[in-house]
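Please walk through the following structure by way of its nonpolar core and its charged pairs.

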Amino acid sequence: MLELIIFAGLAVVVLFQLYSVLGRRVGRQPEDTPADAAVAAVKPARLEGEEPQAAEAAEGVALSGLAAVRARDGSFDLPRFLSGAKGAYEMIVTSFAAGDRDTLRNLLSPAIMSSFDAEIARRETEGRTETVEFAHAPRADLEKADVVGDVAKITVRFLAEFRSRTKGPEGEGVDDRRTAELWTFERNLKSRDPNWTLVRVDAAEA
């Protein structure tokens with residue numbers, strides 16, 4: 001009888017030790033996972049230093065405007081772009097007046113170059129020359145931006161004041177002008193060429 005009591009006691013001790021080891025929960029259990037953690041498990045994590053727009057694009061969110069441009073080109077900087085656009089505007093206007101086709105070809109799309117070239121040829125046929133002097137740097141403001149396929153398109157509103165001097169068979173003429181125009185630039189985002197090309201010119205309200 002005493003031996004049975006001793007064996008029963010040993011059995012209770014052994015079973016208790018097994019439960020203390022096998023019955024203990026190790027790590028986080030499914031019921032311990034909060035709802036936010038479950039969502040995070042299937043949602044792409046934003047990489048350190050990644051632009052918010054880029055992360056949204058990775059999640060399949062449709063982007064537009066500057067967000068779409070920045071998502072495809074992380075180095076895009078709007079103030080720097082507008083500064084470059086103002087420089088391009090002055091260069092194109094002065095080169096067009098001077099009939100500098102070589103400079104224009106590097107800045108214009110073939111369609112725009114064709115129309116500019118036709119006007120330059122007309123002036124040459126008529127024996128006219130022209131020079132342009134800006135009163136001050138033109139004003140450049142973002143009008144709109146978007147990405148179509150692999151092409152980024154940005155439209156800039158330019159306000160400018162300049163003096164045009166012309167010479168022709170009838171003599172010289174001076175014309176002070178104030179212009180408001182919408183210029184659309186584009187760039188292939190897959191290209192290594194960082195330069196933007198003028199593809200459209202429209203009149204705008206001042």
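The paragraphs below take the core and then the salt bridges.

The model is predicted. In soluble globular proteins, nonpolar side chains tend to be buried together. The largest nonpolar core here has 35 residues, and Phe-81, Leu-108 and Phe-185 touch the most other members. Two or more residues each come from helix 4 (65-72), helix 5 (78-98), helix 7 (110-126), strand 1 (129-134), strand 2 (139-148), strand 3 (151-168) and strand 4 (171-188). Helix 5 contributes the most, 8 residues. Beyond its neighbours within four places in sequence, Phe-81 is in contact with Phe-76, Ile-154, Val-156, Phe-185 and Trp-196.

Side chains of opposite charge can pair when their charged atoms come close. Across the whole structure there are 20 salt bridges. One of them joins the side chains of Asp-73 and Arg-187, at 2.9 Å from N to O. Asp-73 sits in the loop between helix 4 and helix 5 and Arg-187 in strand 4, 114 residues apart. Asp-73 is buried, at 14% relative accessibility, and Arg-187 is buried at 9%.

A salt bridge also forms between Arg-101 and Glu-124, with the closest N and O atoms 3.1 Å apart. Arg-101 belongs to helix 6 (residues 101-105) and Glu-124 to helix 7, so this pair ties together parts 23 residues apart in sequence. Arg-101 is buried at 19% relative accessibility, whereas Glu-124 is partly exposed at 47%.

In the salt bridge of Arg-165 with Glu-133, the closest N and O atoms are 3.8 Å apart. This pair links strand 3, which holds Arg-165, to strand 1, which holds Glu-133, 32 residues apart. Arg-165 is partly exposed at 34%, and Glu-133 is partly exposed at 44%. Finally, a network of salt bridges links Glu-119, Arg-122, Glu-126, Arg-128 and Glu-170.

Methods
Residues are numbered from 1 along each chain as its sequence is written. This is a predicted model: local features need pLDDT of at least 70, side-chain atom pairs count only at pLDDT 80 or more; totals for chains, interfaces and linings use all residues. Side-chain values use heavy atoms; hydrogens and water are left out. A nonpolar core is a set of buried Ala, Val, Leu, Ile, Met, Phe, Trp, Tyr and Cys residues joined through side-chain atoms within 4.5 Å. Buried means under 20% relative accessible area, exposed over 50%, partly exposed in between (1.4 Å probe, protein chains only). Helices (H or I, at least four residues) and strands (E, at least two) are DSSP runs, numbered from the N terminus. Contact means heavy atoms within 4.5 Å. A salt bridge is a side-chain nitrogen of Lys or Arg within 4 Å of a carboxyl oxygen of Asp or Glu.
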